[in-house]
Amino acid sequence: SDLTGPELKRRVESLAAQHGMAYEKAMSELDKKGAIPQLVDEIQVAKVLDFLTSNANVETSSEAELNR
């Protein structure tokens, strides 16, 4: 999806920097390994979790349950 484009680019740039490689090289390697859809999924899951946590009144007891 278009919305994930900039986030995907940032994520790959971050991974590339961690591994000391150029963005294009990192993107190419991830693409060859078929890892791009997984990264997109991770970004989308993170967005959903951010949305839920920012829009929920989480009680302390619920937090304790989640952090087990």
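Predicted model: local features only at pLDDT ≥ 70, side-chain atom pairs only at ≥ 80, totals over all residues.
Local features require a pLDDT of at least 70 and side-chain atom pairs a pLDDT of 80 or more, while totals for chains, interfaces and linings use all residues. Residues are numbered from 1 along each chain as its sequence is written, and side-chain values use heavy atoms, with hydrogens and water left out.

Helix α2 spans residues 23-32, and its buried residues are Ala26, Glu29 and Leu30. Here, buried means under 20% relative accessible area, exposed over 50%, and partly exposed in between, with a 1.4 Å probe and protein chains only. Helices are DSSP runs of H or I with at least four residues, numbered from the N terminus. Seen down the axis of α2, the buried residues fall within an arc of 95°, so they line one face of the helix; the arc is that of the directions from the helix axis to the C-beta atoms. The cover over these buried residues includes α1 (4-18) and α3 (36-54), where contact means heavy atoms within 4.5 Å. On the face turned away from the buried side, α2 carries the exposed residues Glu24, Asp31 and Lys32. Just after α2, Gly34 adopts a positive phi of about 70°.

Side chains of opposite charge can pair when their charged atoms come close. The structure holds six salt bridges, each defined as a side-chain nitrogen of Lys or Arg within 4 Å of a carboxyl oxygen of Asp or Glu. One of them joins Glu7 and Lys47 at 3.3 Å, N to O. This pair links distant parts of the chain, with Glu7 in helix α1 and Lys47 in helix α3, 40 residues apart. Glu42 and Arg11 also meet in a salt bridge, at 2.7 Å, N to O. Here Glu42 lies in helix α3 and Arg11 in helix α1, 31 residues apart. Because Glu29 and Lys25 are four residues apart in helix α2, about one helical turn separates them. Lys25, Glu29, Lys32 and Lys33 are linked in a network of salt bridges.

A nonpolar surface patch of about 480 Å² is made by Val45, Val48, Leu49, Phe51 and Leu52. Patch residues have over 30% relative accessible area and no salt bridge, and nonpolar side chains (Val, Leu, Ile, Met, Phe, Trp, Tyr) are joined within 5 Å. Val48 is found in helix α3 and, at 46% relative accessibility, counts as partly exposed.

Technical notes. Helix = DSSP H or I, 4+ residues; strand = E, 2+ residues; numbered from the N terminus. Patch = residues over 30% accessible without salt bridge, like charges linked within 9 Å, V, L, I, M, F, W, Y side chains within 5 Å. Areas by Shrake-Rupley, 256 points an atom, 1.4 Å probe, with all protein chains shown as cover.
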